[in-house]
Amino acid sequence: MMEDVDEDFPKAIEKKMNLLVFDIGARFTKIGFAGECEPRYILASPEAPKMRQVSVSAGQSPQDESDIKLVPPNYGAWYETYVDFIANIYQDNLQCNTADFSVILLEDLEWTYSQKRAILNIFLNIGA
């Protein structure tokens, strides 16, 4: 299946098919159409969810600060952060039907696994 995607990608660019490019950064999100010189929209990205405090001692209340550690946001926190943001981009800015466009998503190397999974699931489910 991946072979089909690899073969079709250059053809899609050549035919100028409806390809949206999303570059979701920590501060700004850039959105545009493949083949254009610059993004159509540059929007402020949503604020990242806060780190969570978790007790190291299972089942007990923390005695002091050494019993608490900070962990990155989970999948649900990232999903909630981006779902309305991405949906609003389609509805308000692009005003397009999600089924009519394929998406090229530029991945930030600093994204966590939970963040990547949440963003990809939003794009997969937004047109469903």
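**Entry 1. Overall layout**

Which pattern does the protein follow when read along the sequence? I read the order as α-β-β-β-β-β-α-β-α. I noted three helices and six strands in the protein, where helices (H or I, at least four residues) and strands (E, at least two) are DSSP runs, numbered from the N terminus. I worked on a predicted model, in which local features need pLDDT of at least 70, side-chain atom pairs count only at pLDDT 80 or more, and totals for chains, interfaces and linings use all residues. Residues are numbered from 1 along each chain as its sequence is written, and side-chain values use heavy atoms, with hydrogens and water left out.

I then looked up two totals. Buried residues make up 28% of the 128 residues in the protein; buried means under 20% relative accessible area, exposed over 50%, and partly exposed in between (1.4 Å probe, protein chains only). Of the contacts with a separation of 6 or more, 51% come from residues 24 or more positions apart; contact means heavy atoms within 4.5 Å.

**Entry 2. The sheet**

I followed an open sheet of four strands, with the order S3-S2-S1-S6 and mixed pairing. Two strands pair if DSSP finds at least two bridges between them. At the edges I found strand S3 (41-44) and strand S6 (102-106), each of which pairs on one side only. On average, neighbouring strands of this sheet are turned by 20 degrees against each other, direction ignored. For such angles, axes are lines fitted to C-alpha atoms, for helices over the stretch in contact, and angles run from 0 to 180 degrees between N-to-C directions.

I next went through the pairings one by one.

- S2 (residues 28-33) and S3 run antiparallel and are joined by four bridges; Phe-28 has Ala-44 in S3 as its bridge partner.
- S1 and S2 pair in the antiparallel sense over five bridges, and Leu-20 has Phe-33 in S2 as its bridge partner.
- A hairpin through three residues joins S1 to S2.
- S1 and S6 run parallel, with five bridges between them; Leu-19 has Ser-102 in S6 as its bridge partner.

**Entry 3. Residues in and after H2**

I looked up Thr-81, which is found in helix H2. Thr-81 counts as buried because its relative accessibility is 17%. Leaving aside neighbours within four places in sequence, I recorded Pro-46, Glu-47 and Pro-49 as the contacts of Thr-81.

I then turned to Leu-94, also found in helix H2. Is Leu-94 buried or exposed? Leu-94 has a relative accessibility of 12%, so it counts as buried. Not counting residues up to four places away in sequence, Leu-94 touches Leu-20, Phe-22, Ile-31, Phe-33, Tyr-41 and Ile-89.

I placed Gln-95 in the loop between H2 and S6. Gln-95 has a positive phi of about 45 degrees although it is not a glycine.

**Entry 4. Tyr-113**

I located Tyr-113 in helix H3. Tyr-113 counts as exposed because its relative accessibility is 62%. The C-alpha atoms of Tyr-113 and Asn-74 are separated by 9.2 Å, and these residues are 39 residues apart along the chain.

**Entry 5. The second largest pocket**

What is the volume of the second largest pocket? I noted about 230 Å³. A pocket, on a 1 Å grid over the protein atoms alone, is an open set of points where a 1.4 Å probe fits, with protein on both sides within 12 Å along at least five of seven lines; lining residues have an atom within 4 Å of a point. Grid points are joined across faces, edges and corners, and a volume is the space filled by probe spheres set on the points.

I listed the lining of this pocket, which includes Tyr-90, Thr-98, Phe-101, Ser-102, Leu-120 and Phe-123. S6 and H3 are the elements that give two or more residues to the lining. I counted the lining residues as eight nonpolar, two polar and no charged. Here Ala, Val, Leu, Ile, Met, Phe, Trp, Tyr, Cys and Pro count as nonpolar, Asp, Glu, Lys and Arg as charged, and the others, Gly among them, as polar.
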